[in-house]
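Please look over the sequence and the structure below. The paragraphs after them start from a single residue and then widen the view.

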Amino acid sequence: MSDAQDTASRIRLALYDIAEHFVGSLPLGVKAVNSGGMPGAASKEAPLPVPARVLDQRIECHRDLHFWAGFIMGTVTDIRGQHIKVYVDALDPIALARFLIVWADQLAKLEPDDANNCADDMSKHAANLKGLAVGDKPEGVVIGRCPVVVDVDPCGATVRAIPGEQVTCPRCGTSGDVGWWQSVILASAAPPLVTAGDLISIVALETRTVLTHEQIRQWATRGKIERAGADVKGRTLYDHQRVVDFVTSGKWPEEGVA
Ligand SMILES: [Zn+2]
């Protein structure tokens, strides 16, 4: 294969991926986290319906498709060398990708630098969109299912952690450090009422405060925190969310406030 043919096939393959995955790359709206806000969100403002990273990658792809379609349009001539006007819906990225698939050979015959830039751009966007739509090859250690609420249901994608890296959900794009993920996954998995032992691990994950059984017992005896009944084995239960609030704020939250 000549270089131009090779480049044309790189461009075409990338464009097929773009056309296939552009729609799937947009996840359903991310509205809230089951317990607590988005990582690092200090304000009470609702998070963006779609992670900014996802919007940026889609817009950059659309912009480059538009750019290269414009490039081709300026070069189309008939057999006598007369410029021909061709039309494509510039607002429709999939139409632009399909248009460029038809003209991939033409793109590959541009100046080698331009042709390579085009192939690199398209390959990058294809990988980004495919990653958003179907997820990359799994890497890292599974830490649980994503509890971030998407529309009405939890996202549910498998979240994996790679040591030293920010952990990002492959489906909804929510990102946070391992500690934050562990706390939201645990909080969403734990029933509202837990034994003192489970309470200690939840409080430690969420507040980095390590309680002892004795401390919990004393707080309950002095009325600083309330007991929430007992399980079938007679073990005292506690409402972990309210205890976490107490440890964080120093005040026992009123019913319905937590
Ligand atoms: Zn998710």
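V184 sits in helix 6, which covers residues 178-189. Helices here are DSSP runs of H or I with at least four residues, strands are runs of E with at least two, and both are numbered from the N terminus. This is a predicted model, in which local features need pLDDT of at least 70 and side-chain atom pairs count only at pLDDT 80 or more, while totals for chains, interfaces and linings use all residues. Residues are numbered from 1 along each chain as its sequence is written.

Is V184 buried or exposed? V184 counts as buried because 25 C-beta neighbours lie inside 10 Å. A residue is buried if 20 or more other C-beta atoms, placed from the backbone, lie within 10 Å of its own. From V184 to R145 the C-alpha distance is 10.0 Å, although 39 residues separate them in sequence.

In the whole chain there are nine helices and nine strands. Of its 258 residues, 30% are buried.

Next, consider a pair of helices. Helix 1 (residues 3-21) packs with helix 3 (residues 93-102) at an angle of about 160°, and their axes are 9 Å apart. Axes are lines fitted to C-alpha atoms, for helices over the stretch in contact, and angles run from 0 to 180 degrees between N-to-C directions. The angle therefore makes helix 1 roughly antiparallel to helix 3, a term for angles over 145 degrees.

R12, L15, Y16, I18 and A19 of helix 1 meet I94, A97, R98, L100 and I101 of helix 3. Two residues are in contact if their C-beta atoms, placed from the backbone, lie within 7 Å.

Definitions and conventions: Angles under 35 degrees count as roughly parallel, over 145 as roughly antiparallel, 65 to 115 as roughly perpendicular and the rest as oblique. A residue is buried if 20 or more other C-beta atoms lie within 10 Å of its own, exposed if 12 or fewer, and partly exposed in between; C-beta atoms are placed from the backbone.
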